[in-house]
Amino acid sequence: MNTRVSRSPVADVTARRLLARLARWQADGPLPSMVAGVVRDGGLAWYAGYGDVPGEVTDTQYKIGSITKTFTAVLVLQLVEEGLLSLDATVGSVLGEVGYADRTVRALLAHDAGLQAEPNGSWWERSEGGSFDELSAANDGSGAAFEAHRQFHYTNLGYGMLGEVVSRLRGGTWWDNVRSRILEPLRMERTSYQASGLHAQGLSVHPFTGEVIEEPHPDTGAMAPAGQLWSTLGDLATYCTFLLDGHPDVLAKDALERAYVPQSGSLFGGLDSQHGLGFQLFRGGSGMLVGHTGSMPGFIATCFVDLKRRTGVIAFANATAGMPAGTVAVDLLAELEASEPTVVPAWRPSTAVPDVVREIVGLWHWGTSVLTLTWEGDTLVTRRAGVEAYRHQPRDGRLVGTSGYMHGEELKVVRNDDGSINHLDLATFILTRTPYDPAAPIPGGPPS
């Protein structure tokens, strides 16, 4: 037994409580080894390993499974931001006459395209993979689970197709682009296509004897964009910081935030969750955690961030089953917050309030419901019964939604002939200074 515990800048009692949770998951799994870390203030605030960890906790590689999909999504979103690809383009517009050619890039990213979950043929996660042409020939589109946009249906095959979209538009392999366009700018030197240097062996635990069975570490070929990568706690801590802040040489923060807007929903792993553009969204923390879980034969992984608290969590195990990846993420961040609550930024006086904002801050009514609009920093915040509902920011003379139900929707100021304000139009929801103002249109349906 080679249990390893590392000290870090959380209080001793916090470290003890986090370690106790890690130890319980490892023992109950049962898991040959488990490592975990929490991110705060731009780095690992605590990390530990339990069980037979092969080496230094932050530098031991584990296979990260479907966390790989977020890297594929980032590559796709880079193409979108550069105007080389539209989210609403069909994959056939890039890949030609292939199965599911009529499905859109957006639908594939959000698992909303109705594709079959797995490609035809041998179990791809445990088999040596082939070329995209071979993958395409074996999957002609006849195996669809649903028509597009009918319901959330997780698909690994869709990410094999997205990886090929990247390769066709950029040149080079999918992995070439991951390395040059994500890993090198972020200096993630311990994330690799195959195991490199110190790494855990993928294992399965016999359910009755407790013996371990070694799992293969295949090159999954054209399916690699769905789950091939290996990484470490140290590298994914860096990745968590990227997910929180963006990076000028990878993807800007506002582009990432657009990827975090829910596109489709599911009950994933027993957790209330939705899916954005390549990212899982779990209820937890300050409201929503953003990231992804991962599993491959012999490995389980999780990586999530809390956007408001600016914290993150990573955990790996070298077992095929036994680690509740989503629950681990939610619970470790909950333990950190309970033990050491987030210290919110200090309030600062406003220095530049736009003229249109000065006119509309204060109380408004949707019917008889009261909403409060306040200017906070550089954002107009709308609250209902004291609870934040949505945010708007000035952009090119417009007030554009940046969060919640109204993300992307404009808050319009509608004026009378004399220039005075008649009402606010929030995506057809009419807000007035007095309840049911007869001079304004009918309020419309309730803002969620």
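## A hairpin to start with

Strand 12 and strand 13 make a hairpin with 4 residues between them, and Arg310 in the turn has a positive phi of about 60°. Strands here are DSSP runs of E with at least two residues, helices are runs of H or I with at least four, and both are numbered from the N terminus. What you are looking at is a predicted model, where local features need pLDDT of at least 70, side-chain atom pairs count only at pLDDT 80 or more, and totals for chains, interfaces and linings use all residues. Residues are numbered from 1 along each chain as its sequence is written, while side-chain values use heavy atoms, with hydrogens and water left out.

## Strand 13 and its partners

Let's stay with strand 13 (residues 311-317). Strand 12 (residues 299-306) runs antiparallel to strand 13 and is joined to it by 7 bridges; two strands count as a pair if DSSP finds at least two bridges between them. One of these contacts links Val305 with Gly312 of strand 13. Strand 2 (residues 33-40) also pairs with strand 13 in the antiparallel sense, over 7 bridges, and Arg40 has Thr311 as its bridge partner there. Strands of a sheet pair through backbone hydrogen bonds.

Is strand 13 buried or exposed? Buried means under 20% relative accessible area, exposed means over 50%, and partly exposed lies in between, using a 1.4 Å probe and protein chains only. Since 7 of the 7 residues of strand 13 are buried, the strand is largely enclosed by the rest of the structure. Both faces are covered, with Thr311, Val313, Ala315 and Ala317 on one side and Gly312, Ile314 and Phe316 on the other.

## An enclosed helix

Helix 2 (residues 68-81) has 14 residues and spans 20 Å from its first C-alpha to its last, close to the 20 Å expected at 1.5 Å a residue. The expected span is 1.5 Å times one less than the number of residues. Of those 14 residues, 12 are buried, so helix 2 is largely enclosed by the rest of the structure. Among the buried residues are Thr68, Lys69, Phe71 and Gln78.

Strand 14 pairs with strand 15 (residues 369-376) over 5 bridges, and Gly362 has Leu373 in strand 15 as its bridge partner. These two strands form a hairpin with 2 residues between them, and Gly367 in the turn has a positive phi of about 65°. Strand 16 (residues 379-384) and strand 17 (residues 387-395) are also joined by 5 bridges, with Arg384 opposite Val387 in strand 17.

## A cavity inside

How many cavities of 30 Å³ or more does a search of the whole structure find? There is 1. On a 1 Å grid over the protein atoms alone, a cavity is a set of points where a 1.4 Å probe fits but cannot get out, and lining residues have an atom within 4 Å of a point.

The largest cavity holds about 60 Å³ of space, and its lining includes Val98, Tyr100, Phe132 and Met161. Helix 5 (132-138) and helix 6 (157-170) are the elements that give two or more residues to this lining, and helix 5 supplies the largest share, 3 residues.

Note on methods
On a 1 Å grid over the protein atoms alone, a cavity is a set of points where a 1.4 Å probe fits but cannot get out, and a pocket is an open set with protein on both sides within 12 Å along at least five of seven lines; lining residues have an atom within 4 Å of a point. Grid points are joined across faces, edges and corners, and a volume is the space filled by probe spheres set on the points.
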